[in-house]
Amino acid sequence: DDAVLRLMNKPRFAGYEEDDSPYLAGMDERQGSVDGGLALEWRRGRFGVATTAFADLLGRSNGAEVAVDATWTQPLAGRKVLLTPAVGIEWQNAGLVDYYYGVRPDEALPDRPAYEGEAMLTTRASLSLLWRASPRVTVLALVRADRLDDDVQDSPIVGDRRAVFGMAG
C-alpha cells in the first residue's frame with residue numbers, strides 16, 4: 001500500500017469571450033484561472049484512489065471543487081505500456097458553476113434568460129495509455145468523458161451536458 005499527499009496547482013482553461021459565439025454577445029468575459037489544492041493518492045497493486053480538492057487562487061470565480069477517482073492499471077507489452085481506465089465524481093461549488101455557466105441579470109436577453117448556477121456533481125470516465133518508448137521517451141494519451149449535473153442543463157449557455165476531452169504528449 002502506498003499513500004501520497006501532494007500540494008498542487010493547475011491551470012483552469014475554462015472561460016470564454018463574448019466574440020466566441022454570437023449567442024454570447026453582450027456577456028462579460030469569463031477568464032480561466034489557476035487553482036491550488038491538495039491531492040491524496042492511495043494505491044494497492046493495480047488499484048488506486050485519488051481524492052483532490054482545489055480552489056481558485058486568483059479569485060475569478062471563488063470556485064472550489066472536490067473529486068474522487070478510482071483507477072485500475074493494466075500493464076501490457078512487458079510493462080512498457082500501462083493502460084488505465086478510471087471512473088470518478090467531481091463536486092463543484094456554486095461560485096464556480098455560476099461563474100462559468102451562469103447568465104447574470106444584466107446579461108439576460110429574451111432568448112438568453114438569467115441563470116444562477118448552483119453546486120453540481122459531474123460523473124466522469126477516462127482511459128489513459130502510457131507507453132515507455134525508451135528510457136528517455138514516454139508517450140501519454142488520455143481521453144475522458146464527463147456528464148454534467150442535470151441542473152446545469154437549465155443554463156441557456158450550455159448546449160450539451162456531455163463533454164469529451166482528449167490529449168496526447
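## Basis of the description

Two strands are taken to pair if DSSP finds at least two bridges between them. Helices (H or I, at least four residues) and strands (E, at least two) are DSSP runs, numbered from the N terminus. This is a predicted model, in which local features need pLDDT of at least 70 and side-chain atom pairs count only at pLDDT 80 or more, whereas totals for chains, interfaces and linings use all residues. Residues are numbered from 1 along each chain as its sequence is written, and side-chain values use heavy atoms, with hydrogens and water left out.

## Overall architecture

The chain contains one helix and nine strands. Their order along the sequence is β-β-β-β-β-β-α-β-β-β. Taken along the principal axes, the box filled by the C-alpha atoms is roughly 60 × 30 × 30 Å. With contact defined as heavy atoms within 4.5 Å, 54% of the contacts between residues at least 6 apart in sequence join residues at least 24 apart.

## Surface and charge

The accessible surface of the chain is about 10,200 Å², and carbon and sulfur atoms account for 58% of that surface; the areas come from the Shrake-Rupley method with a 1.4 Å probe, and for residues only the protein chains shown count as cover. Of the 169 residues, 31% are buried, where buried means under 20% relative accessible area, exposed over 50%, and partly exposed in between (1.4 Å probe, protein chains only).

The chain carries 19 positive and 26 negative charges, whose mean positions lie 15 Å apart. Lys and Arg count as positive and Asp and Glu as negative, while His and the chain ends are not counted. Each charge is placed at NZ of Lys, CZ of Arg, CG of Asp or CD of Glu.

## Strand pairing

Strand β2 (residues 33-44) is antiparallel to strand β3 (residues 47-56), with ten bridges between them. W42 faces V49 in β3. Two residues separate β2 and β3 in their hairpin, and G45 in the turn has a positive phi of about 65°. Strand β3 is in turn joined to β4 by nine antiparallel bridges, with A55 opposite A64 in β4.

Strand β4 (residues 64-72) pairs with strand β6 (residues 81-92) through seven bridges in the antiparallel sense; here A70 is opposite V87 in β6. Strand β5 (residues 74-76) also runs antiparallel to β6, with three bridges, and Q74 has L83 in β6 as its bridge partner. The hairpin of β5 and β6 has four residues between the strands, and A77 takes a positive phi near 50°.

## Nonpolar core

A nonpolar core is a set of buried Ala, Val, Leu, Ile, Met, Phe, Trp, Tyr and Cys residues joined through side-chain atoms within 4.5 Å. The largest such core comprises ten residues, among them Y16, L24, V97, M120, V152 and V158. V103 also belongs to this core. Beyond its neighbours within four places in sequence, V103 is in contact with residues including M27, R30, R112, Y115 and I157. In soluble globular proteins, nonpolar side chains tend to be buried together.

## The setting of D160

D160 lies in the loop between β8 (137-147) and β9 (162-168). D160 counts as partly exposed because its relative accessibility is 37%. Residues up to four places away in sequence aside, D160 touches L148 and Q153. L148 is itself a member of the largest nonpolar core. The C-alpha atoms of D160 and R44 are 37 Å apart, with 116 residues separating the two along the chain.
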